[in-house]
Amino acid sequence: MDGELAATADLATGAVVAAAIEPDHGNTVSGATTDVCLNCGATVSGGYCSACGQKRKVHRTLAEFGHDLLHSVLHFDGKIWRTLPLLAWRPGDLTRRYIHGERAKFVSPLALFLFTVFLTFAMFNALMPAQSDFSITTEVKTDAEFDAVKAEMDKDIAQLQAKLTAAKNAGKPVGDIESELSGLQIARKFVGSTQTAVTGSQEGDGGWRFTDLEFPGSDALNEAVKKGTQNPQLLIYKIQSNAYKYSWALIPISVPFVWLLFFWRRQFKLFDHAVFVTYSLCFMMVTLSIAAILIAGTTYAAIGGLILSFVPPLHMYRQLKYAYGLSRFGAAWRMLALTTFATIALTMFITLIVALGATG
C-alpha cells in the first residue's frame with residue numbers, strides 16, 4: 001500500500017511541477033469576470049491580460065482547484081494529446097517542428113521530461129517489493145551470526161519456492177509470492193556481500209572485496225562502500241533518491257554525444273540536440289515503464305523484453321531521420337552509434353548516482 005501511495009504522490013507532484021513551467025494558454029476557467037486585471041491592474045479586453053498574461057476569469061472554489069490538479073495530470077492544457085502521438089510514432093517530426101518554432105501546440109521537452117521522470121519513478125515505486133523485504137539486521141558482527149541469518153533466509157526461500165510451485169500447479173495467482181521471493185533473494189545476496197565486507201571472511205558470497213583496491217582517494221571511497229554494505233537498505237534508498245533528483249543530468253551528459261554525430265554540420269545547434277535528447281529520453285522512460293510492468297507480471301515478460309530490445313533503436317532511427325533530414329543510411333549509422341553512446345551516457349549517469357549514494 002505504501003508503494004501505491006508513494007507512486008500516486010510522485011505522479012501528482014510531477015504533473016504540478018511540469019504544469020508550473022508549461023504555459024497555460026487556451027484554457028477557460030469559470031469564475032468572476034472583471035475588466036481590470038486582478039494581478040497588475042491593467043485594463044483587460046480579451047480573455048487574458050495583455051500586460052502580464054493572467055486570465056481574465058478567476059475562481060475561488062474547491063471544485064475548480066480539483067479541476068486544476070486533474071487538468072495538470074491529464075492533459076497539460078490539451079497539448080499532451082497532440083504531443084504523445086507524435087512522440088510515439090513521428091518523433092522526428094515533433095522534434096523538427098518544435099525546433100523551428102511550433103511551440104504553443106506541443107508540451108515543451110522540459111515539461112514533458114519532468115512529468116515522465118515522476119511517472120517512471122512512481123511506476124517503479126509501485127513495482128518495487130516492500131521495504132521490509134530488504135530489511136537486514138545491522139547487529140550481526142561475526143561469521144557465525146551471519147551464517148545463522150543466511151541459513152534462516154535459505155530456509156524461507158526454499159519454503160517460498162515450494163509455495164510458488166504449488167500455486168502454479170493449482171492455477172492460483174503467484175504475483176505476491178514471486179514479489180516476496182524476489183525481495184528475499186535480493187536480501188540474501190546482500191547478507192553474503194555484507195559478511196565479506198564486514199568480517200573479511202572468504203565464506204561470504206564472493207571472496208573478492210572492493211575494499212582490497214588501493215588508489216589515490218581509495219580510503220574515503222572504501223570507507224563509504226563499507227558503510228553501504230553494512231546498511232544496504234540505506235544505500236539503495238540513497239541511490240534511488242539521487243537518481244530521482246539528478247535525472248536532469250542525463251540531458252547534459254547526452255547532448256555532447258549527439259553533437260559528435262553532427263559536429264561538421266553547422267546548421268544544427270546545441271539547442272537542437274538538447275530538444276532531440278530530451279524528447280528521446282521522455283519516450284525511453286515511458287517505454288521502460290511499460291516494459292517493467294510487463295516483465296513484473298511474468299506472463300508477458302517476453303513481450304517486455306522484446307519491447308526493450310527493438311523499440312528504442314527503431315525510435316532513435318525515426319527521430320534521427322526526420323528531425324535532421326537524413327538519408328536512410330545516414331540515420332542508420334547514426335542510430336548504431338547513438339545506441340553505443342546511450343549506453344556510455346547511462347553508465348556515466350549510474351556511476352554518478354552510485355558514487356553520490358556511497359559517499360553522501
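The model is predicted. Its chain has a mean pLDDT of 76, and 67% of the residues reach 70 or more. Over residues 131-140 the pLDDT is below 50, although this stretch has 23 contacts in the model beyond near neighbours in sequence. Residues 206-211 also stay under 50, and for them the model has twelve contacts beyond four places in sequence. Where pLDDT is low, the predicted coordinates should not be read in detail.

The chain holds 13 helices and two strands. Of its 360 residues, 36% count as buried. Among contacts in the chain with a separation of 6 or more, 67% join residues 24 or more positions apart.

| Helix pair | Angle | Axis distance |
|---|---|---|
| H11 (residues 270-296) and H12 (residues 301-323) | about 165° | 9 Å apart |
| H4 (residues 91-99) and H11 | roughly 140° | within 10 Å |

How are H11 and H12 oriented relative to each other? An angle of about 165° is over the cut-off of 145 degrees, and H11 and H12 are therefore roughly antiparallel. Their crossing is right-handed. By class, the contact of H11 with H12 has 18 nonpolar and six polar residues, with no charged ones.

Thr 287 lies in helix H11. Its relative accessibility is 6%, and because buried means under 20%, Thr 287 counts as buried. Leaving aside residues up to four places away in sequence, Thr 287 touches Ile 307 and Val 311. The C-alpha atoms of Thr 287 and Ile 307 are separated by 7.6 Å, with the two residues 20 apart along the chain.

The second pair brings H4 against H11, with axes that come within 10 Å and cross at roughly 140°. That angle makes H4 oblique to H11. The crossing of H4 and H11 is right-handed. Which residues of H4 meet H11? On the H4 side they are Leu 94, Thr 95, Tyr 98 and Ile 99, and they meet Phe 271, Asp 272, Val 275, Phe 276 and Tyr 279 in H11. The residues of this contact divide into seven nonpolar, one polar and one charged.

Conventions
Residues numbered from 1 in each chain as written. Predicted model: local features only at pLDDT ≥ 70, side-chain atom pairs only at ≥ 80, totals over all residues. Heavy atoms only, no water. pLDDT = per-residue confidence, 0-100. Contact = heavy atoms within 4.5 Å. Axes fitted to C-alpha atoms, helices over the stretch in contact; angles between N-to-C directions. Helix = DSSP H or I, 4+ residues; strand = E, 2+ residues; numbered from the N terminus. Parallel < 35°, antiparallel > 145°, perpendicular 65-115°, else oblique. Left-handed = near helix turned anticlockwise from the far one by under 90°. Nonpolar A, V, L, I, M, F, W, Y, C, P; charged D, E, K, R; others polar. Buried < 20%, exposed > 50% of the residue type's maximum accessible area, 1.4 Å probe, protein only.
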